[in-house]
Amino acid sequence: MTGHAPRRARPLTLLLVLLMVLLAGCARIPTSGPVGKSSEGSAGNLSAPVFLPAAPQAGASPETIIDYFYRAGSGYEDDYAVARQYLTQASSVSWKPDQRALVYREARVVAAEVENVYNYELDVAYTVDADGIATQSPEGTVEKISVTVTQVDGEWRISALPDGTAIAEETFKVIYGAYPIYFYDPSFTYAVPDVRWFIKNKTVKAMTSALLAGPAPYLRGAVVSAFPSGIKLARESVPVVSGAAQVDLTAKELTETSPEDRLRMQMQLTLTFRSQPDVVNVELRANQDLVRVEDNGSVLPPVLDKSVPPRQIAVSGNELVRYENNRVSPLPDMQPVSSLKPRFPAESQVSQTAAFLNNSRTTLYSINPGQPARALTTRSTLTRPSFSLDDWVWSAGPGAQGRTEVVAFRPTDVPEGANIPSVTLAPAWLAGKTVKEFRISREGVRALVISEQNGKTRVQVTGIIRAGDGTPRELTPPVTLVTDSEPDQGVWVSDTTVAVMKGAAASNVTPELLSLTSGQPQQLAPWPGLASLSAGNGAEEIYAQSAEGVFQRLGNGWSPQIKGPIDLSFPG
């Protein structure tokens, strides 16, 4: 074995040039030197860059061969033809690059103690699996890829390696894009996005395969698919012909489905392909034979990015009020609650039921029109209540034994004095954590969870698994969102975006937008003394409150509204 000192594998040397060209709207990415050249993007997404890395150089050391093999992972055209040149013939045939992508901040080649064996050591930022599911890793997460080299005709080649590629984070952001694929809530009423990361030039086939494979782990059991278990693509491509995506499925599984299910399949694919400009409609095929999809009106298209009513509930003069069009009015038919010192109210999207905490945040109350408020639970502390579409109201706080619990109650249409249905959940992933915020998504399938443990804050999204009658049963292991701050509160802005912040009465506060479709937070304009957030339909309907009153987001700033109401919240 030829000895060489380990050296750091630097990111692409002309990355700044690449990004400048991208911003200029050009699909051709010029490069030079050892990283190779580029060509036009393939049909179907002409804005996506295509890298053509350099082939192996004569006399290159084992470290260089390993280094530039992984750099060549950016050249995905022709089934990674250039990267395969760095492998022995046997490894070239067996290597499966699409199994996963390790996205790294830094990388280096280090000789192992065994002759001709090296480790490609990575500071991993993300891991993207074969179905496009990205898992983020904190800085300093090291993974070692063991690689064996051998000489072929006097040149070093890689003879043993695991499946998958490794790619620099900056390059990953250029080549890959975030795309939602869609599932249904259990009633097939609402579309639920499941964001995946795919190479921009290979999205239609990748989206279809991921959809057939089922939802990401954090949505498993919380959403449903129109596609039956076991159905697969009949051929390893999804051609787009004259605007029609031809989805060729295994005949037995497809033909055994009902006409309603086939229509829901087509709707599910149509939503999933909505980000693809060359896809106009979807054709279902069974072993290449066109399958007719009929619409008799019995199946309605699912609601995408469900909206909330324009009103907000708030507290003013120690009573529950309605805030709408910058005006305050009494909440209809509600009895007085001033003696309970209400704070942090929530209102159902579908009924007139409301909920709130007391001033010390130790007791959760519900109230229905014409009835007095009822205490649902008392704990040492509780999060602001949040309603799902089926009128379960949720909160979180320590249980009797000190364990972290999430509680849900269904007080709507319960006669005065009757028992209110309730559920207590204690997911293992919340053990030892203090929940700061628990907010149900608009379609009711997911929840935003902000928690703190040992001074470290996490912003996560979990799925809600329910029984057949809608009773909550379980919260799925969550997906984590990246934030630059340590927020203690958050709200849903859309089906893929949340706004978060850490309130502070005596300093500037900078809220952030966190998206399932982006690894980077978007900071909003700072404003002094912000204490709470609410959000309606989209990023322009974000409201914040300070001691000076209510403010609405306006462009890159905040527009003063009314002064008086506090703890504003849109229904949900």
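**Ground rules.** I take a nonpolar core to be a set of buried Ala, Val, Leu, Ile, Met, Phe, Trp, Tyr and Cys residues joined through side-chain atoms within 4.5 Å. Buried means under 20% relative accessible area, exposed over 50%, and partly exposed in between, with a 1.4 Å probe and protein chains only. This is a predicted model, where local features need pLDDT of at least 70 and side-chain atom pairs count only at pLDDT 80 or more, while totals for chains, interfaces and linings use all residues. Residues are numbered from 1 along each chain as its sequence is written, and side-chain values use heavy atoms, with hydrogens and water left out.

**Cores.** I looked up the largest nonpolar core and found 50 residues in it, with Phe227, Val247, Leu249, Leu254, Leu269 and Phe273 touching the most other members. Helix H6 (residues 203-213) gives this core its largest share, five residues. My helices (H or I, at least four residues) and strands (E, at least two) are DSSP runs, numbered from the N terminus. Another core lies apart from this one; it has 43 residues, including Ile65, Tyr86, Val149 and Ala168.

I then picked Val247 and set aside its neighbours within four places in sequence: its contacts include Thr208, Leu233, Leu269 and Phe273. Contact here means heavy atoms within 4.5 Å.

**Helices.** Helix H8 (residues 259-272) has 14 residues and reaches 20 Å from its first C-alpha to its last, close to the 20 Å expected at 1.5 Å a residue. That expected span is 1.5 Å times one less than the number of residues. Among the buried residues of H8 I noted Arg262, Arg264, Leu269 and Thr272. What do the buried residues of H8 pack against? My list has strand S10 (176-184), strand S11 (191-199), H6, strand S13 (244-249), helix H7 (251-255) and strand S14 (281-286).

In helix H3 (residues 77-84), the buried residues are Tyr80, Val82, Ala83 and Arg84. They pack against helix H2 (62-71), helix H4 (89-94), strand S9 (165-168) and S11.

**Two loop residues.** Asp305 is not a glycine, yet I found a positive phi of about 50°. Asp305 sits in the loop between strand S15 (289-290) and strand S16 (312-316), and counts as partly exposed because its relative accessibility is 34%. Asp333, also not a glycine, has a positive phi of about 65°. Its loop runs between strand S18 (327-330) and strand S19 (342-347). Is Asp333 buried or exposed? At 57% relative accessibility, Asp333 counts as exposed.

On a 1 Å grid over the protein atoms alone, a cavity is a set of points where a 1.4 Å probe fits but cannot get out, and a pocket is an open set with protein on both sides within 12 Å along at least five of seven lines; lining residues have an atom within 4 Å of a point. Grid points are joined across faces, edges and corners, and a volume is the space filled by probe spheres set on the points.

The largest pocket has a volume of about 1,200 Å³. I found 43 residues lining the largest pocket, with Gln136, Ser137, Thr480, Leu481 and Val482 nearest its centre.

I counted nine cavities of 30 Å³ or more. The largest cavity holds about 150 Å³ of space, and Arg439, Arg442, Phe570, Pro571 and Gly572 lie nearest its centre among 16 lining residues.
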